[in-house]
Amino acid sequence: MKKFYYLILVAIVAFNTSCKENKYTAIEQESEGLRAAKGKNGKWGFIDSKEQEVITLKYDYVGHFQEGFAKVGVNGILGIIDKSGKTIIPIKEYTSIYFDGTFPVVASNNCCSGVVDKNGNEIVPFKYDEIGEHNTIRMIPNTDLLKVKTDAGYGLVNLSGEEIVYPRYDGIEECKDGLIWIYEKWGDLGKRYGLIDISGNEIIYPKYEKIYGFNEDGLCRVSNYSPTGDGWKKELTGYVDRNGLEVIH
């Protein structure tokens, strides 16, 4: 008789285990205490360590949690939720969200890219082809400015959406001592560098092959190269003041 009851108990445990195992068709690795799980309905959500459903299985896509937030998507449109399932950025129009655990984020629709804050507000308008570095929020070092790109070239915006430099340069590079290196491409001659300040004012027009920055006397060393006739090039150096005037040739 004891053996009979034991077999019944084993059968009940096996049945419950089977039901539990079959509840989800896929379970991902844990991220910040939760695991993405796919239900029999083909939808994704999140479960806890006891495999209890914490966030409803209703998404076509879910990402891993980073700093308490995760990307989710339905029908190719993305949003962001927190660990309670609360919507942070609604699933409404964004086909891409470049999220690394911090806000604000760069998002894209079928047309352009913009920047969205933690409250779902669009703080940089959706009119750019690219924002930051490969559509991630990376400010120009030592500034509060983001690089943006359109068909016209590169420019700068701040996180209030104000366009500090309208897109017109072929490239924007480093920032040092409050000045930003910009360049334009001169056909076969290659890049020609200039300087702008963090307010967007052009200090030195981009026409030099090298710019070394300003010295203590308020002069910037610049140089171009001139062919010598024997296959070599000679560096021609001069100095430019903060008004862009060549004071020493």
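Are tyrosine 94 and phenylalanine 126 buried or exposed? Tyrosine 94 is buried, and phenylalanine 126 is buried too, where buried means under 20% relative accessible area, exposed over 50% and partly exposed in between, with a 1.4 Å probe and protein chains only. Before going on, please note that this is a predicted model, in which local features need pLDDT of at least 70, side-chain atom pairs count only at pLDDT 80 or more, and totals for chains, interfaces and linings use all residues. Residues are numbered from 1 along each chain as its sequence is written, and side-chain values use heavy atoms, leaving out hydrogens and water.

Let us start with the whole chain. Its secondary structure comes to 1 helix and 24 strands; these are DSSP runs numbered from the N terminus, with helices (H or I) of at least four residues and strands (E) of at least two. Of the 249 residues in the protein chain, 40% are buried.

Now to the aromatic rings, which form 5 pairs. Rings of Phe, Tyr and Trp (its six-membered ring) pair if their centres lie within 6.5 Å; planes under 30 degrees apart count as stacked, over 60 as edge-to-face and the rest as tilted. Phenylalanine 69 and phenylalanine 103 have ring centres 5.1 Å apart and planes at 85 degrees, so this pair is edge-to-face. Phenylalanine 69 lies in strand E6 (residues 69–74) and phenylalanine 103 in the loop between strand E9 (96–98) and strand E10 (105–108), so the pair ties together parts 34 residues apart in sequence. Ring pairs also link Phe69, Phe99 and Phe103 into a cluster.
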